[in-house]
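I open these notes with a lead-in alone. The entries after the model record what I looked up.

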Amino acid sequence: MRINDDRLKNNFEALSQIGATTEGGVHRPTFSPAHLEARAWFRERSESAGLDFQIDNAGNHSAVMLCANSDAPTLLLGSHLDSVPNGGRFDGAIGVLSAFEVLLTIKDEGIKLPFHLEAIDFTDEEGTLHGLLGSEALTGILKSEDLISPRGGREQFLSGLAEAGLTEEGLFSAQRSPISLAGYLEVHIEQGNRLTNAQADIGIVTSIVGINSCTLTFIGRADHAGTTPMDERLDASLGASAFTLAARKLVMRDFPDCVVNVGAMDFEPGAFNIVPAGVDLSLEFRAPDDGTFEHLKISLLALAEAEAHRYGLSLKAKFLGKHEPAPLDPDIQEVFKQAAESLDVKAISLASFAGHDAQSLARVCPAGMIFIPSVGGSSHSPREFTEWDDCVNGANVLLQAALNLVNSYLSIQD
Ligand SMILES: [Zn+2]
């Protein structure tokens, strides 16, 4: 059995028009007019195909095929329809459309399901407001303290929810019982070069890295930039700059499977003729497992302390929230592997360095994810591109994996 290539392509082209940018990408930040339009489009397509449609209190949008047994759990397939500002057409969208296409194919074939099947578009995966908002609400990971200072700012968070007819308190009622979830499968673009380099068609994700972000504040003293001798300055920029270079060296030497990024530096008071009294440095780091994640955090903080000390500065660290590393289900990885083999597409295993909704689901049910190749590794950009054959492969592997789960579920019940 195969998905309907033309139908998937028509849907992809129609969806790509919504929020289309002149550079060839899409601009669909969470709850922007284009994002809401994309969601309305998904609903309209689902209902006109005769599928049920549900929207929960976290705004997650789902096309649903119910099975005869109302007590049965649900197999979720999905991704997200929001984008980063001026993003690409494939990130998230191809996952939702592949999930939708699997439902349509199974409906066409008249297959009797032992569980409910749902193609879900999670709210705010990309973090316009919070990041993984819908999947964390659905799995119960979301805590009220996470929303005190969401990454997009508190005001934008509340006005965004209001725009979509949601409330902060309501988000928590979107939580589903783990027993109600048979599993979660996601197709996503790789957003890197590893599949192309390995000449592979499909990447089976073993784990999604943990991400921690914090603001490091290096504190020195403002002085006249002309009259203060060089060796008497308490220049906060020196600690911040030295730390940035040393952090790169540290990670490359001692943490080869991790990454670190200094994404911003904010100087106080920030003028040509004043020695910087303070620098707020935006630090993010990622690691594939709990032990490495903690070790990396301790090492980076110790390094920041040492560099601050070297230049006579003091240091403050404020952690802004993290996502724990999420190993994905070994049985689901095997299901994907067999699905790829049966379709004669080459699959390799790899970790994901980007965050995805699958990491939320992995905390409460068997979850798995596959990648399809990104040409040139580009993503979060209008240059983002995946060859159409690879999109079709991804949707077919997803279909085959879902069918394999149907069969194994039936054999357990016999
Ligand atoms: Zn994505």
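I first looked up L77: leaving aside neighbours within four places in sequence, L77 is in contact (heavy atoms within 4.5 Å) with A99, V102, L103, L117, E118, A119, I120, Y184, L185 and L398. The model is predicted: local features need pLDDT of at least 70 and side-chain atom pairs pLDDT 80 or more, while totals for chains, interfaces and linings use all residues. Residues are numbered from 1 along each chain as its sequence is written, and side-chain values use heavy atoms, without hydrogens and water.

**Cores.** Of its 58 residues, F42, L77 and L185 touch the most other members. Helix α12 (residues 388-413; a DSSP run of H or I, at least four residues) supplies the largest share, 12 residues. I noted a second, separate core of 25 residues, which includes A236, C258, L300 and L303.

**Zinc site.** I found the zinc ion coordinated by H80 (NE2), D91 (OD) and H188 (NE2) at 2.0 to 2.2 Å; donors are N, O and S atoms within 2.8 Å of the metal (3.2 Å for Na, K and Ca), and water is not among the atoms, so sites may look incomplete. The donor residues are spaced H-x10-D-x96-H in sequence.

**H80.** I recorded H80 as buried because its relative accessibility is 0%. Both D91 and H188 are buried as well.

Notes:
Buried means under 20% relative accessible area, exposed over 50%, partly exposed in between (1.4 Å probe, protein chains only). A nonpolar core is a set of buried Ala, Val, Leu, Ile, Met, Phe, Trp, Tyr and Cys residues joined through side-chain atoms within 4.5 Å. Helices (H or I, at least four residues) and strands (E, at least two) are DSSP runs, numbered from the N terminus.
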